[in-house]
Amino acid sequence: MTRAYVPYSRFPVGAAALVEDGRVVAGCNIENASLGLTLCAECSLVSNLQMSGGGRIVAFYCVDGNGEVLMPCGRCRQLLYEFHAPGMRLMGPDGELTMDEVLPHAFGPADMTHLSGGTATTDNPGGNR
Ligand code: THU
């Protein structure tokens, strides 16, 4: 959150995730003069996740500039869904939540298995080329 680039909203956001291999990856929001192009902290986090070796998220926490828990926006729930480990915990305002509670009936990787004859896999961090 201290690294956020927020000249327009002045609303810094920080996100951190524990990866199944023990890594901790982080992200911050990165705004843009073309306001709609702003990257949320979760977007930056999943970029860092993939670029640092990939893997699945087992725990996730997002905060605002005061360190208060912040729930991911709708788009970011979808981003997190793509990389969540089974049983991932996400901190909500009243305690831990599951991915299914945060994004019920999600569209996800399982819905795309018909492509490439069902052989597409999300297991290989550099795969699906
Ligand atoms: N923001 C995030 O970084 N993540 C969210 O889930 C919600 C919103 C950022 C985007 C923008 O820079 C600022 O918060 C105000 O919307």
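Colleague: Which residues are around the ligand?
Modeller: This is a predicted model. The residues around the ligand are S9, F11, V13, N29, E31, T38, C40, A41, E42, M71, P72 and C73.

Colleague: Which residue has a backbone N or O atom 2.8 Å from an oxygen atom of the ligand?
Modeller: Side chains come up elsewhere: N29 has a side-chain N or O atom 2.9 Å from a ligand oxygen, and E42 places a polar side-chain atom 2.8 Å from a ligand oxygen. The residue with the backbone atom at 2.8 Å is A41.

Colleague: Are helices α1 and α2 roughly parallel or roughly antiparallel?
Modeller: Helix α1 covers residues 41–51 and helix α2 residues 74–83, and their axes come within 9 Å. The axes cross at roughly 20 degrees. Angles under 35 degrees count as roughly parallel, so α1 is, relative to α2, roughly parallel.

Colleague: Is the crossing of α1 and α2 left-handed or right-handed?
Modeller: Two packed helices are described by the angle between their axes and the distance between the axes. The hand is a further item here: α1 passes α2 in a crossing that is left-handed.

Colleague: How many residues of the contact of α1 with α2 are nonpolar?
Modeller: From α1 come E42, C43, V46, L49 and Q50, which meet R75, C76, L79, L80 and F83 of α2. One of the contact residues is polar and two are charged, while the nonpolar ones number seven.

How values were computed: Residues numbered from 1 in each chain as written. Predicted model: local features only at pLDDT ≥ 70, side-chain atom pairs only at ≥ 80, totals over all residues. Heavy atoms only, no water. Axes fitted to C-alpha atoms, helices over the stretch in contact; angles between N-to-C directions. Helix = DSSP H or I, 4+ residues; strand = E, 2+ residues; numbered from the N terminus. Parallel < 35°, antiparallel > 145°, perpendicular 65-115°, else oblique. Left-handed = near helix turned anticlockwise from the far one by under 90°. Contact = heavy atoms within 4.5 Å. Nonpolar A, V, L, I, M, F, W, Y, C, P; charged D, E, K, R; others polar. Near = heavy atom within 4 Å. Polar contact = N/O pair within 3.5 Å; in protein donor to acceptor, adjacent residues only side chain to side chain.
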